[in-house]
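Please look over the sequence and the model shown here. A short report on selected features comes after them.

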Amino acid sequence: MTPVPFGDFVARAQTRGTLVVQPRMGFSDPARMREGLLRTRAADAVTAGTLTLDSYTRVGDLAAARRAVAEGVALNGYPICTHPLRTSRAVLEGLHDSAFPVQVRHGSAQPEHIFSALLALGLDASEGGPVSYCLPYGRTRLRDAVSSWRAGCELLASHGDGAAPHLESFGGCLLGQLCPPALLVAVSVLEGLFFVRHGLRSVSLSYAQQTHPRQDHEAVAALRRLAGELLPDVDWHVVLYAYMGVYPLSRGGALTLLEAAARLAVESGAARLIVKTAAEAHRIPTVSDNVEALETAARAAATATRRPERDAGGSEVYAEARTLVHTVLGLDDDIGRALLTAFRRGLLDVPYCLHPDNPGRARSFIDRDGRLRWADTGALPLSGAAVSAARKVTSADLLAALSHVQRAYDSGGTP
Amino acid sequence: MNSTHGTHSPTVLITGTSSDAHTWNLVYLQLLLEEWGRRVVNLGPCAPDELVLASALEHDPGLIVVSSVNGHGFHDGLRLIRVLRSHPRLAATTIVIGGKLGVDGLRNVGQVRRLTEAGYDRVFDDGDMADFRALVSRLPARAVS
């Protein structure tokens, strides 16, 4: 059976009122990777499959990946550029079809080698972005990431022959926690636009669950509204990430947080959810951990219904995100150059990110009502009202904020 | 890279290790050291050994803090200290390492000994904050020329 385009599969599920759930899963052993995909496909849920790659492949150190494979050393993901093509084809054989799209997740600031490898396997869905896979994870210069992602998008888009290659922006994550939602929304929209300007016709925009359910709802609504305004002629959907920060230690707390993410996804109009497992805080999750998470999320999603968008236009998140996006778009016709200029001038600034190309002036905190807000907007083009409770964030504040969600769910409550 | 300026105590250089992409441990250490009155240069995550060496020579820090939480800290830390100690100007600089240094989360006496033998002045287990504070408070104040 011919594989289904990733975006079509998700759109059809959403039309039927079903949330697509997807793991973050990667093993270096081909047999184990195949088992993970098989069991994802067989899970009692509408699922998409994932090949998560190892960190040597992520940073382009293919010599180290080859050594590890030759010596039988386990890696933290699937080395897609290293296993022989026939091995990887055997991993996917009979699985990647019209009922089960497979996406490659990788974390690379310079993904050209990864895109070549996935196209050779007949895959055409991946994720990341020139900002979201550069600033939080290393020292690759932003200008190099922008130029690599430009080439990568064009490579992927050139394989559009009858199919519809798909790219998801990882902009809704950034450092995983403590980033005010407006910046997550803005970076996701800008990366989605970057993909489209470089040839993609099917994209997804992401948002990671944060500290305040109502604010999260507003953020997804803002993301959907901005996508509707700025991506009128392409296929797009919103993907939600279950909480990406310090995860609850207790099994009950971890699964309750995941269920909250699944309900948030359905209620806010996201079409797909990337799950976290009950093992998250303790070890690299097994296939069984992932299947449990997929089925738990699907059950929770089935109990939720879409909420009407009352205040998407009036929310604080929408107003700030819209200002950030339009300020950046106004800098240059080329979005890549606009992103570089924006970070150079501090018009985009990821709080607490230590990358040499991040301005590093913006600071965030969890306000008394549980919402994530700016403690310092640096040079961001946001009004004084954005810093409603400007304050200095101490080391103790930071530790408390980092574990805010973990503590709430481990003690049996919600934030 | 982030840095703060303006006091007369010696600079503290904070760095992650070459293979470690984690940031929050480094941000926390920076805030803590600033609250303790120290001037901080923070190299951030994934700092290659050569960058740590060049920055140490440039800033002449009174203390170098290596922090690692990805499980590769023992190997990466051992390689880094050999690079740093091989330079005569860093032979006497106080250099410490801490975090979650092994993949199993257990204290390994043999690894701690090898790290100190290779040149670390102290190896801090996860959570040894009182000892760390005591060490930082003993740093000499000195005029920066």
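## Basis

This is a predicted model, in which local features need pLDDT of at least 70 and side-chain atom pairs count only at pLDDT 80 or more, while totals for chains, interfaces and linings use all residues. Residues are numbered from 1 along each chain as its sequence is written, and chains are lettered from A and ligands numbered from 1 in the order in which they are written.

## Strand β6 of chain A

Helices (H or I, at least four residues) and strands (E, at least two) are DSSP runs, numbered from the N terminus. A residue is buried if 20 or more other C-beta atoms, placed from the backbone, lie within 10 Å of its own. Strand β6(A), residues 202-208, has seven of its seven residues buried, so it is largely enclosed by the rest of the structure. One side carries A:Ser202, A:Ser204, A:Ser206 and A:Ala208, and the other A:Val203, A:Leu205 and A:Tyr207.

## Neighbouring strands

Two strands pair if DSSP finds at least two bridges between them. β6(A) pairs in the parallel sense with β5(A) (residues 166-169) over three bridges, and with β7(A) (residues 235-241) over seven bridges. A:Val203 is the bridge partner of A:Leu167 and stands opposite A:Trp236 in β7(A).

## Chain B

Chain B contains five helices and six strands, in the order β-β-α-β-α-β-α-β-α-β-α from the N terminus. Of its 145 residues, 39% count as buried.

Technical notes
A residue is buried if 20 or more other C-beta atoms lie within 10 Å of its own, exposed if 12 or fewer, and partly exposed in between; C-beta atoms are placed from the backbone.
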